[in-house]
Amino acid sequence: MENTLTSQEEYIERFIAGNTLFHKGYTNNYSIELVSALIDLPQLKKQRIDGLELLNNASYNLCDFCIKCLSAIKASGMLSGARAVEINTVLKNWKYLIEGGNSFATYDYAAEITRSIKTFGYPFLEKLQSAEFEHIPAAFTAISGKFKYFVRVSCFLQPFFFEEAFSIALNILENNISIYAAVERIEVAKKDFPLSIDNGEPFPIFSIIFDYNKVPGPDDSIIKHFIALYNQKTQHLGSGLTTEYPYSKNVGEGLTLSQGFKNYKKYLKLIDELDHVYDGSDNYAFSLTLNKKSND
């Protein structure tokens, strides 16, 4: 069906019209959020803001550290002129998003600044991991387990299959109360199809995020049950993306399984902490202990 509506938000609202499983959708950085009707929506939003404030503070401290690095580079005479102006612009954008509390949207700016610092031969990681600054990477790993270890199932089928694949997922939830009761929310990509984020990485057409307090890890029987039902009902839909998606494990045709936020993992990789939280032997899809629940 051709999407002729004025906005994708309206499209999604009409698509789930009459469905009582979810609250009215609201937009986030890259998606439309559909939170389970079993969950207190205002409370969930507050918990997420409060919980991710630690990550935002960590981003602020990393930004401040980068400013110190750049000051040292400028003092050496290696950074000046147009390049200095360009870097300062990126820093300002990074700070702006931090002040707005947008933790994950800051990653691209952090990555650009750290790349710039390294191009000057500055010992970025060595300084960051020194006794003087080791509290900065420690702050990134100290966020609540609720945000590090929640389980996510994501659909990477071609956008053409969105309506059928999404309908199948909703149907599974409607007819399996134990699975539905374990769901926190569904994230539907809000960008126009075909989907890709700025760096060209594929973006899931939708993801189902399970409640951390009800699903302790990716080996949980509820996750296995959902994946089995979904794969059975979507095997006719054709090819999904053939390349392995970063920080997740392929578990079906265009279907991936993972724990945590992708941008959080990218932040950890940026500061050389990824291997301290997630298991590199499985594409960093899962925590070092699959069913780990700590730092709550």
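I started with helix 2, which bends by about 35° at glutamate 53. The model is predicted. At the N-terminal end of helix 2 I found aspartate 40 as the cap, with a side-chain oxygen 3.1 Å from the backbone nitrogen of glutamine 43. After helix 2 comes glycine 77, with a positive phi near 90°.

Next, helix 4. I noted 13 residues, 107-119, and a reach of 18 Å from the first C-alpha to the last, close to the 18 Å expected. Which residues of helix 4 are buried? I listed Tyr107, Ala110, Ala111, Ile113, Thr114, Ser116 and Ile117. Their cover includes helix 2, helix 3 (81-99), helix 5 (124-128) and helix 11 (262-270). Helix 4 is followed by glycine 121, and the phi of this glycine is positive, near 75°.

I looked up serine 31, which lies in strand 2 (residues 31-35). Is serine 31 buried or exposed? I put serine 31 down as buried because its relative accessible area is 5%, and the cut-off for buried is under 20%. Its side chain makes a polar contact with the side chain of glutamate 33 at 3.0 Å. Leaving out residues up to four places away in sequence, I have serine 31 touching Tyr26, Glu187, Val188, Ala189 and Lys190.

Then the rings. A search of the whole structure gave me 14 aromatic pairs. One of them joins phenylalanine 22 and tyrosine 180 edge-to-face, at 6.3 Å centre to centre and 85° between the planes. Phenylalanine 22 is in the loop between helix 1 (8-15) and strand 1 (26-27) and tyrosine 180 is in helix 9 (residues 177-180), so the pair ties together parts 158 residues apart in sequence. Phenylalanine 22 counts as buried at 8% relative accessibility, and tyrosine 180 counts as buried at 5%.

I logged phenylalanine 162 and phenylalanine 166 as stacked, because their ring centres are 5.1 Å apart and their planes are at 15°. The two are four residues apart in helix 8 (residues 162-175), which means a separation of about one helical turn.

Last, charges over rings. Lysine 45 lies over the face of tyrosine 26, 4.0 Å from the ring centre. The charged end of lysine 265 sits over the ring of tyrosine 278, at 4.6 Å from its centre.

Technical notes
Residues numbered from 1 in each chain as written. Predicted model: local features only at pLDDT ≥ 70, side-chain atom pairs only at ≥ 80, totals over all residues. Heavy atoms only, no water. Buried < 20%, exposed > 50% of the residue type's maximum accessible area, 1.4 Å probe, protein only. Polar contact = N/O pair within 3.5 Å; in protein donor to acceptor, adjacent residues only side chain to side chain. Contact = heavy atoms within 4.5 Å. Expected span 1.5 Å × (residues − 1). Bend = angle between axes of the 7 residues up to and from the residue. Phe/Tyr/Trp six-rings, centres within 6.5 Å; stacked < 30°, edge-to-face > 60°. Lys NZ or Arg CZ within 6 Å of the ring centre and 35° of its normal.
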